[in-house]
Amino acid sequence: MDADIRVRFAPSPTGHLHLGGVRTALFNWLFARHQGAKFILRIEDTDRSRSTEEYIHSILEGLSWLGLDWDEGPYRQTERSGIYRTYAEQLLAEGKAYYCYCSAEELEQKRIAAQKRGQPPKYDGTCRERNTPIPDRVPVIRFKTPQEGEVSFQDIIRGQVTVANSQLDDLILVRSDSTPTYNFVNVVDDITMAITHVIRGDDHLTNTSRQINLYMALGAPMPAFAHLPMILGPDKARLSKRHGAESILTYREKGYLPEALINYLVRLGWAYGDQEIFSKEELIELFELEKVNKAPAVFNQEKLLWLNNHYIKTGNINRMAELLEDQLKRKGSLNQDNQISLDTFPRVVKSLQERCKTLEEMAEAAEYFFKEEISYDAQAARKFLRPDIAPLLEELLRRLGQLTDFSEAAIQEVFSYILSQHTIKLVNIAQPVRVSLTGGTVSPGIYEVISIMGKEKVLGRLQKALEYIEGHEAATALGH
C-alpha cells in the first residue's frame, strides 16, 4: 500500500461520459484502490466553446452511479487560470518559451509549403528567436521544443516508447485570447496535483512525448505512464455511437446494472486467468496495470447483456424490485391510480429475472401486471379467444371468484378440477387464459401470473375476454 501514489481521471466536458472514458476512470480507480492510493477527479474545461455544465453534471452523475468515488476534486481548470499564467511566465523568463506573432493565414501557408516539400506540417520556428513584437498583433506563447535528441520513456503497458524531437512541434502553450492549451494545462495540473501515474487511453500517446519535454523544462519529476488499448467495435473500427458507445447514463435508463458494466469494462483489456465474474472487492484485490493487454479490445454487446442478466438473476430481490418500479414509472406504466401491494414488485422480479437481460426488458415484460387496460395481440386473440373456449373461461371465472386463498397452490387446484371435469390438458386452457390476462402468449407459469396479478384484476380481465369473444362471435355472425 502506498498513500503517496496519486492518479487522476480528467474528462473533458464537451460531451457525455461514454464507455471508453468510463473504462479509463475504472482502471485509474482500481489502481488507486489496489494501492491504497488517491484517486483525483479533474474536469478539463478549458474548451469554453464546447464545455457545458450539463456535461459536467452528467460526468459526475455517471461516475457516482457506477460507484467510482473520488478522493479529491472535482477540480476545474477554468478556476486555475492564475496557476497556468505563472508557469507560462516562468518558461518565458527562462527562455524556454517565446511569443509567436504568425497569423492564421501565414501558418496555413507554411503548412501547405511543408506538405509540398514532403515534410510534416509543423511550425517552422519563424518567431523562435524574435526579440521584438509585431505591432497590432496579439501573440500566442509557444514552447521551445528541443530540436535534437529524443524522448524515451517506459510505458507500463506498451513497454519502451521513443520519439525523435525532430518530429515534434513547438506547441502552443497559451492562445492569443489568453486561454491555455490542453497539453500545457495537463502537465501543470499533474505537477501541482503531484500525480505519480498517468493512466489514459493510447489516443494520448502522441501527446506524451510533447508533455515529457514540458516536465523537463519545468524541472518537475516525471510521472509513470500507462496507455490503455483502444476499444473497437465488432467491425474493428474505433468504438462509436453506432456500436453502442452511448452516454453511460443511457445504459442506466435502459436497465443495465452498474456492477455489470464495471465487470464488463474491466475485462476489455484486462484478465485474471479465465475468470469472468468479479465482485468489486475482487477487482480491487487483483487488478494490476501490468496485466493490461496492449492490443485493442473489441466491444461485444451480447457479452455485456449476458453479464447484466447474471447480475439481475443474482441481485438482491428488493433492490431489483425498486429498479423495476423506476423503469415502469419511466415508461409511464404506473400512475397514482394503480393499486399495487408491497410484495407485487419482488414477486414480479422473481417471475421474470431468469429470462430478462435488462431491467427495461423486464419492465416491458411486466407491464400487463400493472396496466389497468391491456390490448390483445391480434394473432393470439384469433387463435385462442374462440367461442368454444368461452365455457371454460366462464367456469374458471366462477371458481376463481369463489377463492378466499389466492395462492398458486389454490389456483392450481381450480385448474386441476376443471381439467379433470372436461378431460382436457392444461395446454388447452393455459394459452387462452394467458392471452386473456396478458394480451399475448408469453409469460411466466400461468398459476404464478394469476397469483401475482391478484383476484380483482384477474376476474376483470377474464370477464373482458368473454366479452371480446361474444362481440367477435356476433360480428362474425353478421358477416363483418
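The largest pocket of this predicted model has a volume of about 1,200 Å³. A pocket here is an open set of points on a 1 Å grid over the protein atoms alone, with protein on both sides within 12 Å along at least five of seven lines, and lining residues have an atom within 4 Å of a point. Grid points are joined across faces, edges and corners, and a volume is the space filled by probe spheres set on the points. The lining of the largest pocket holds 46 residues, and A10, S12, D203, H204 and R238 are the closest to its centre. Two or more lining residues come from each of β1 (6–9), α1 (19–35), α5 (182–192), β9 (197–201) and α6 (205–217). Helices (H or I, at least four residues) and strands (E, at least two) are DSSP runs, numbered from the N terminus. Helix α1 gives the largest share of this lining, 6 residues.

The model also has 1 cavity of 30 Å³ or more. A cavity is a set of grid points where a 1.4 Å probe fits but cannot get out. The largest cavity has a volume of about 50 Å³, and its lining consists of T46, R48, Q77, T78, S81, Y84, T179 and P180.

The table gives both linings by class.

D170 lies in the loop between β7 (159–164) and β8 (172–174). D170 counts as buried because its relative accessibility is 6%; buried means under 20% relative accessible area (1.4 Å probe, protein chains only). Its side chain makes polar contacts with the side chains of Y98, at 2.7 Å, and R128, at 2.6 Å. A polar contact is a pair of N or O atoms within 3.5 Å; within protein, one must be able to donate a hydrogen and the other to accept it, and residues adjacent in sequence count only if both atoms are side-chain atoms. Leaving out residues up to four places away in sequence, D170 touches Y98, Y123, R128, R142, F143, K144 and T145, where contact means heavy atoms within 4.5 Å.

Helix α8 (residues 258–266) is mostly covered, with 8 of its 9 residues buried. These are P258, A260, L261, I262, N263, Y264, L265 and V266.

Residues are numbered from 1 along each chain as its sequence is written, and side-chain values use heavy atoms, with hydrogens and water left out. Local features need pLDDT of at least 70 and side-chain atom pairs count only at pLDDT 80 or more, while totals for chains, interfaces and linings use all residues.

Key. Buried means under 20% relative accessible area, exposed over 50%, partly exposed in between (1.4 Å probe, protein chains only).
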